[in-house]
Amino acid sequence: QALGRGFQWAAARSALLTASQVVPYAHAKKTLQPLLGHEGISLHLLASLVAGVVTCTVTAPVDVMKTRVMSAASSQKSVGVGTLLRQEGFMFFFKGWLANYVRIGPQTLFIFVFYEQARRGVVSL
């Protein structure tokens with residue numbers, strides 16, 4: 001029982017994290033390219049930073065719920081999202097956003113910059 005506690009929230013967070021990194025990156029890259037005039041490292045860096053902000057914002061509520069459920073004592077009854085919203089307020093779901101961005105921002109940046117460099121290397125073969 002305790003081993004699987006919070007699994008649903010963790011799985012939802014993983015799915016949201018992947019979707020909210022890839023799609024915003026592609027959209028930001030497409031939107032920023034005409035403004036920068038070329039495709040290069042600066043475009044990849046900016047698009048990655050945008051994707052990181054979107055990812056943190058999308059996953060924050062699920063991350064807070066996951067942490068809340070996983071850290072609850074075994075005897076403690078789980079509180080629903082609606083109850084927490086009423087008791088704690090909307091911003092409760094964004095606790096730790098900055099700390100999360102400090103972790104996810106660079107991760108997203110490295111993922112997409114390395115991806116673009118690898119893609120460029122494969123295309124040039």
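This is a predicted model: local features need pLDDT of at least 70, side-chain atom pairs count only at pLDDT 80 or more; totals for chains, interfaces and linings use all residues.
How are α1 and α4 oriented to each other?

The chain holds four helices and zero strands. Read from the N terminus, its elements follow the order α-α-α-α. Of the 125 residues in the chain, 33% are buried. The exposed surface comes to about 7900 Å², and 69% of that area is supplied by carbon and sulfur atoms.

Helix α1 spans residues 7-36, while helix α4 covers residues 97-123. The two pack with their axes 12 Å apart and at an angle of about 55°. Angles of 65 to 115 degrees would count as roughly perpendicular and those under 35 degrees as roughly parallel; α1 and α4 are therefore oblique to each other. The crossing of these two helices is right-handed.

The residues that form this contact can be named on both sides. Helix α1 contributes R13, L17, Q21, V22, Y25 and K29. From helix α4, the residues that meet them are N100, R103, I104, T108, I111, F112, E116 and R119. Sorted by class, the contact of α1 with α4 comprises six nonpolar, three polar and five charged residues.

Definitions and conventions:
Residues are numbered from 1 along each chain as its sequence is written. Side-chain values use heavy atoms; hydrogens and water are left out. Buried means under 20% relative accessible area, exposed over 50%, partly exposed in between (1.4 Å probe, protein chains only). Accessible areas come from the Shrake-Rupley method with a 1.4 Å probe; for residues, only the protein chains shown count as cover. Axes are lines fitted to C-alpha atoms, for helices over the stretch in contact, and angles run from 0 to 180 degrees between N-to-C directions. Angles under 35 degrees count as roughly parallel, over 145 as roughly antiparallel, 65 to 115 as roughly perpendicular and the rest as oblique. A crossing is left-handed if the near helix is turned anticlockwise from the far one by less than a right angle, and right-handed if clockwise. Contact means heavy atoms within 4.5 Å. Ala, Val, Leu, Ile, Met, Phe, Trp, Tyr, Cys and Pro count as nonpolar, Asp, Glu, Lys and Arg as charged, and the others, Gly among them, as polar.
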